[in-house]
Amino acid sequence: MPKRITGRYERTTFGGEEVAAFVPFALPPADPPIELNDRLAARLRLASQALVRLELAGEMVPSLDWFIYGFVRKEAVISSQIEGTQATLVDLLAYEAQGGGEARAAPNADVREVCNYLDALAYARAELADPRGLPLSMRLLNQTHERLMRGVRGADKQPGEVRTSQNWIGGSRPGNAAYVPPPPHALAEVLGAFEKYVHADDALPPLIRAGLLHVQFETIHPYLDGNGRVGRLLVTLLLEHSNLLTQPLLYLSLFLKRHREEYYRRLNAVRVDGAWEEWLDFFLDGVATIADEAVASARDLFALVAADRTRVLAHEGMSIVALKLFELLPRHPVVTVASVIKLVGATKPTAGRAIDLLVAAGILAETTGKKRERSFAYQAYLERLRVGTDLERSRSPR
Ligand SMILES: [Mg+2]
């Protein structure tokens, strides 16, 4: 017996086969309503406190910029990796150091996907911050989706538009799928209700509501592709919208990647067993875990830069330009001679000398092994920032 019924099944035909598509009931969960039992209330408290610590860690001046830069990229890479994008954080930073950043020009589709994610996030945040911009709505998510899918695999799949055909998750057709989302004709209704709940005034705490909305979004699966990424981006937007975190510093996707099977299993269990509380337990654990890890990481990065600064200052023959470059490295952990020329406004020989000095001081290391178009990375910084962003999937039991 499921704990509660979370939607209805609708018979629909696809390719001559009859299948049961699921149409979720509107949020919040009812019959029974969400029970914030002791365990869940404790989880909520831990997650909220961890977010406060992360918000404070972000206030370490002047490093907020570094953390936003690094952590947003970390989230973009990992959220894209969850379903198979092969780009790593180092691929992204190396591309950006080459003067890239424009998704269109990226050397391969995987880096392009991650650049799109950054564009999409920046777009959505800017709209929300602008009093005349779009509110948190399906229109905003559609525009965000359009940016996410620009010129990448899935670009043929109605970017920016709610689907007009049946989709499915797992399997080769709806008939053998793990899950069949609502039929297209039901989308206007369920998305209308979804949007309404984003702004509804109910007694549930905003963090809980963000968790509910993520599942509801994945259950509706409004697009032909990109639902996972938009649904995870939605969590970031909701945290900011409800002032739980004023900057996108929480790379929650790392938790979802680490526990990917459990993530999918719990999404399923909400629909099949009405297991909302179990999902929330998982989600809040994720928020607390990643917020604490991000705080530790921010401290560690900050301490590293402080220690390295001392070393740089003590290095014989250190120059002003090299010092200036050193201060820019956390925002530009991979550089080239060309990028340094722009960054510090120096001539080519001066830029080259600054790099050489930082190499000699043990800060930068050449990464390409080439004679021309060489890249230099702030290795110790990257080693710390990239934890969890490599391709081999590190899974650990929770
Ligand atoms: Mg996909």
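## Two domains

Domain bounds here come from an automatic or database domain assignment. On that basis the protein chain splits into domain 1 (7-295) and domain 2 (315-385), and their C-alpha centres sit 36 Å apart. This is a predicted model, where local features need pLDDT of at least 70, side-chain atom pairs count only at pLDDT 80 or more, and totals for chains, interfaces and linings use all residues. Residues are numbered from 1 along each chain as its sequence is written.

So what passes between the two domains? Twelve residues of domain 1 are in contact with twelve residues of domain 2 (contact: C-beta atoms, placed from the backbone, within 7 Å). On the domain 1 side, helix H2 (64-81) and helix H3 (89-97) are the elements that give two or more residues. Helices (H or I, at least four residues) and strands (E, at least two) are DSSP runs, numbered from the N terminus. By class, that side of domain 1 has seven nonpolar, three polar and two charged residues; Ala, Val, Leu, Ile, Met, Phe, Trp, Tyr, Cys and Pro count as nonpolar, Asp, Glu, Lys and Arg as charged, and the others, Gly among them, as polar.

## Overall build

The protein chain has 15 helices and five strands. Its C-alpha trace spans about 75 × 45 × 45 Å along the principal axes. Of its 398 residues, 43% count as buried, that is, with 20 or more other C-beta atoms within 10 Å of their own, the C-beta atoms being placed from the backbone.

## The cores

A nonpolar core is a set of buried Ala, Val, Leu, Ile, Met, Phe, Trp, Tyr and Cys residues joined through C-beta atoms within 7 Å. The largest one has 106 residues, and Leu250, Val287, Ala291 and Ala294 have the most contacts inside it. Helix H11 (residues 276-314) supplies the largest share, 16 residues. The core also takes at least three residues from each of domain 1 and domain 2.

Take Leu250: beyond its neighbours within four places in sequence, it touches Leu54, Leu239, Leu245, Val287, Ile290, Ala291 and Ala294. A second, separate core of five residues includes Ala21, Phe22, Tyr179 and Val180.

Three strands form an open sheet in the order E3-E5-E4, with antiparallel pairing (strands pair if DSSP finds at least two bridges between them). Strand E3 (334-335) and strand E4 (364-366) are at the edges with a single partner strand each, so one side of each has no neighbour in the sheet. Two bridges join E3 to strand E5 (residues 376-378), and Val335 has Phe376 as its bridge partner in E5.

Conventions. A residue is buried if 20 or more other C-beta atoms lie within 10 Å of its own, exposed if 12 or fewer, and partly exposed in between; C-beta atoms are placed from the backbone.
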